[in-house]
Every structure is written in C-alpha cells, then in structure tokens.
There are 2 protein chains.
Amino acid sequence: MHTLTHFRLCPFSRAARLALAELNIEVELVEERPWEWRPEFLAVNPAGELPVLQMEGAEIPLCGIYAISEFLAEDSAPVQEDGDADEPFPLLPGDRAQRAEVRRLIDWFNGKFNREVTHELLQEKVYNRLQPHAAGTPDVDFLRAIRTNLRYHMSYISYLADRRRWLGGEELSFADLAAAAHLSSVDYLGEVPWEEFAVAKVWYARLKSRRAFRTILADRVPGALPAAHYADLDF
Amino acid sequence: MHTLTHFRLCPFSRAARLALAELNIEVELVEERPWEWRPEFLAVNPAGELPVLQMEGAEIPLCGIYAISEFLAEDSAPVQEDGDADEPFPLLPGDRAQRAEVRRLIDWFNGKFNREVTHELLQEKVYNRLQPHAAGTPDVDFLRAIRTNLRYHMSYISYLADRRRWLGGEELSFADLAAAAHLSSVDYLGEVPWEEFAVAKVWYARLKSRRAFRTILADRVPGALPAAHYADLDF
C-alpha cells in the first residue's frame, strides 16, 4: 500500500489527496503535525514539509507537492486519442503552452495564494491553537488584511472561471485541484465570501461534487469544527 | 528573438538565465523592478512575479520559474542514447524517481531557501534601498537570523555535494542551477561564508566556471556593488 503523510487542513496535502483520488490511486493516510518538527519526520523529509508520498516498493519517498504532482502527472498523461470517460484525466493536459498556463496557475495557488491567504489563516486560526503554548485569539487587523487578499484572489478565480471551462483552460487540470485544495481549507474555516463571487462558487461546486472530494469534506480537526456549509454540496 | 523579463539579483530570474544559457537559447533581457507594480507588467503577469519568458511567436508568455523551467525541461529531454557532448543537458535527468529527487531540491531552493535566506536578504539589503522612500540601514538582529539560516542551508549543500557528483544525483540538473542562482545572489551581497563550507565551495566553483554563468557574474546593480570575490573564478 502507498502511504501519504499529510495534515488534514494542509492545502498541499489536500491537493495531493485530490490528485491521487482522481487518478484512482489508493493510499493510506498518516497524519503529521509539521510544526512539531519530529526528528523521525525530518529524517524522511529534511525540509519538514508536507505532503510526503511513499510509493509501495519505492526506495525514496516523494517530498512536497511539486515533486508529487509532477511525478503523478508523468504517469497520467496518456497520449492515446480514444481514452474512455472513466480513465484518469491528465493532471497537466494540452500541449506545452497549455501545460505552462496550467503550471502558472498551480504556482499562483501554491505560491502566492498560500503566502497571502491560506498559510496566514491556518497559522492564525489553527496552528497557533494546536501548539502546547497556544497564543490568544486571532488578531483582528491581521485577519482583515488576509480577507482583503482573499477577495482579490476570489475575483481572479471568477475572472478565469468566467472565460474558461476550467481555470487552466477547457480541460480539468491540477490547477483546479490545487486551487480547490486551498479554497477548501479556507472554507473549512468559514472564511470564503461565496455570496459575493457567484461564478467562482459555480466552479467550486462542480469540483466539490466530484467523488475525489469526498474524503476532504469528511475531514474534522479537533478543536476547530468546520463552517456549517463546509460539506454541503448545495451551499 | 525571445525576451526574458528579469531583475538582475532576482534568484528566479537568474535560474532562468542559467537554464537558457545552458540550453544555448539566446534571449534579450528586459529589466523590471517588480516592487514598482507597473500596470504594464501586471498586464503581462498578473502575479507580478519574475521572470517572464516571451518565446518568439508564442501567443502567451511563460510566467514564473516553475512554468519556465518545466517548459524548457520538456524540450531538453532527448531520449536518444548517442547524444554528443555539446548537446544541451536535460534539465531534469534520469528516471521518474530521479526527476522527483531533482524536483524536491528545486523546491527546496526556490521555496525554503528563498523564504529563509534570499528573499529576506534582498529585501533588507537591496530592494528596500532602491525604493523611493528608502528604509534605514539593515536591522542587525534580523541579518544575524538570516545568516544562521544560511549556515544551515550551506551545511545541507555540503552534505549533498559530499555524497553525489551534483546536488540531485550523478548528473547536472536544474536543481544545481536553481541552487547556484540563489547562492550567486547571496554571494553578490558578500554573505556566503565559503571558508566554512569547503565542499559546497568546490561544487559552486565548478558551476561558476561554466560558460552559462558568465552573464550572471557580469551583473552590477547601481548602488549595490558586488563583494570583491564575486566574479572571481578562483575565490
């Protein structure tokens, strides 16, 4: 059995789980709290980052969402023309230029969106509280700044979803999964102003109703229950 | 002619320049100061990030080092067995597992190393000074913390270079170029304690003496001259 070391609300871990589920690759999930810097975990991934995918029989584990997603994409890129509908979709579809556009967006969400929204929110609302010497309540001004960032990103998602069938183009790609992974973590915390972004909401609803999304929606973190609509497909 | 929009000390721009030079792809360099957030630049790359590669005749530009390096790697992966020595080397050599290891290290330098060292140093010592309302002298305690981070990363580079011919394995890869790009920016600022890390120094000297490195070593930023040994191949 393959093993994925993850943390339930970590957006990179979620992106890996979504990709694996879409590709019908079953994995055993092992939870890690990366802020604990456990020596045993650092021995596996010296960067101390999640997720880590140990493929059955592989000598070394795949560390980080970049290595994992590209590894999976290399296997999920069938060149055949007549694939049936149930076949795993290519994580990076299209020609070289189209793949570059998909990668630009993956980078947008795993880089920029993470720095400006997900990482900050998780740090403030979840990670700080789960530490032994928990900090106080989240800082109001800081949260307001993150929410402003989030609205800017929601506008960009709406802009893309209004012009294309999926974020990276006409085909579903890992850009959608990465974006949805980040949004799902933020949505768990009840921070996504869906009512203001109808087009982005329709795009997200299409992803949310996919079978691959189910385990993500079943996640619960002790001490941080999800927003009421979190697992609701008709939110 | 292809065009690369870059900033001279930006490590991602440097990594792209090194890869292009190694692949013998000539580009015209156009300098951009990303902190100015020029509307014309944001119209090209809404993320406001460098580098941006406009391939001649291509409809849309390649934005960010992830999209650019993977785009170039797709073309630089000759499957033929009998390539002659002058042929461009594959940016991501080896089999799937080896490529995953190379990508893990690219992620290490463009993610972790950048956050903990390059970005912070450039912000403190270069970008802040080039802004219209320049901040004062760099904060001593902050610089000390960055230097501690750097020593940790230098140890890791030494560890890898001691066990492998190149950082990602037996073959030169984009992991070496990304690492060298970051180190070259830090070295420009005179911050690399080479005397403490002899193995890392030997690895870097091998890269520094490659033809592709020449333009990087010729860079000069107004108001921030390089360390005396910066362009010296026998440093």
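**View 1. The interface between chain B and chain A.** In this predicted model, 29 residues of chain B are in contact with 29 residues of chain A. About 2,600 Å² is buried between chain B and chain A. Carbon and sulfur atoms give 54% of that buried area.

**View 2. Salt bridges and polar contacts across the interface.** Between chain B and chain A the count is 10 salt bridges. One of the salt bridges joins the side chains of B:Arg103 and A:Glu74, at 3.0 Å from N to O. Residue pairs in polar contact between chain B and chain A, both at pLDDT 80 or more, number 12.

**View 3. The side of chain B that touches chain A.** Strand S4 (62-63), helix H3 (65-75), H4 and helix H5 (140-163) of chain B are the elements that give two or more residues to this side. H4(B) supplies the largest share, 12 residues. Sorted by class, the side of chain B that touches chain A has 16 nonpolar, 1 polar and 12 charged residues.

**View 4. The largest cavity.** The model has 3 cavities of 30 Å³ or more. The largest cavity holds about 60 Å³ of space. From chain A, its lining includes A:Arg104, A:Asp107 and A:Trp108. From chain B, the lining includes B:Asn45, B:Ala47, B:Glu49, B:Cys63 and B:Gly64. Helix H4 (residues 96-130) of chain A gives the most to the lining of the largest cavity, with 3 residues. By class, this lining is made up of 3 nonpolar, 2 polar and 3 charged residues.

**View 5. The second largest cavity.** A volume of about 50 Å³ is found for the second largest cavity. Helix H4 (residues 96-130) of chain B accounts for the largest share of the lining of the second largest cavity, 3 residues. The classes in the lining of the second largest cavity are 3 nonpolar, 2 polar and 3 charged residues.

Notes
Residues are numbered from 1 along each chain as its sequence is written. Chains are lettered from A and ligands numbered from 1 in the order in which they are written. This is a predicted model: local features need pLDDT of at least 70, side-chain atom pairs count only at pLDDT 80 or more; totals for chains, interfaces and linings use all residues. Side-chain values use heavy atoms; hydrogens and water are left out. On a 1 Å grid over the protein atoms alone, a cavity is a set of points where a 1.4 Å probe fits but cannot get out, and a pocket is an open set with protein on both sides within 12 Å along at least five of seven lines; lining residues have an atom within 4 Å of a point. Grid points are joined across faces, edges and corners, and a volume is the space filled by probe spheres set on the points. Helices (H or I, at least four residues) and strands (E, at least two) are DSSP runs, numbered from the N terminus. Ala, Val, Leu, Ile, Met, Phe, Trp, Tyr, Cys and Pro count as nonpolar, Asp, Glu, Lys and Arg as charged, and the others, Gly among them, as polar. Contact means heavy atoms within 4.5 Å. Buried area is the accessible area (1.4 Å probe) that two parts lose on being put together, summed over both. A salt bridge is a side-chain nitrogen of Lys or Arg within 4 Å of a carboxyl oxygen of Asp or Glu. A polar contact is a pair of N or O atoms within 3.5 Å; within protein, one must be able to donate a hydrogen and the other to accept it, and residues adjacent in sequence count only if both atoms are side-chain atoms.
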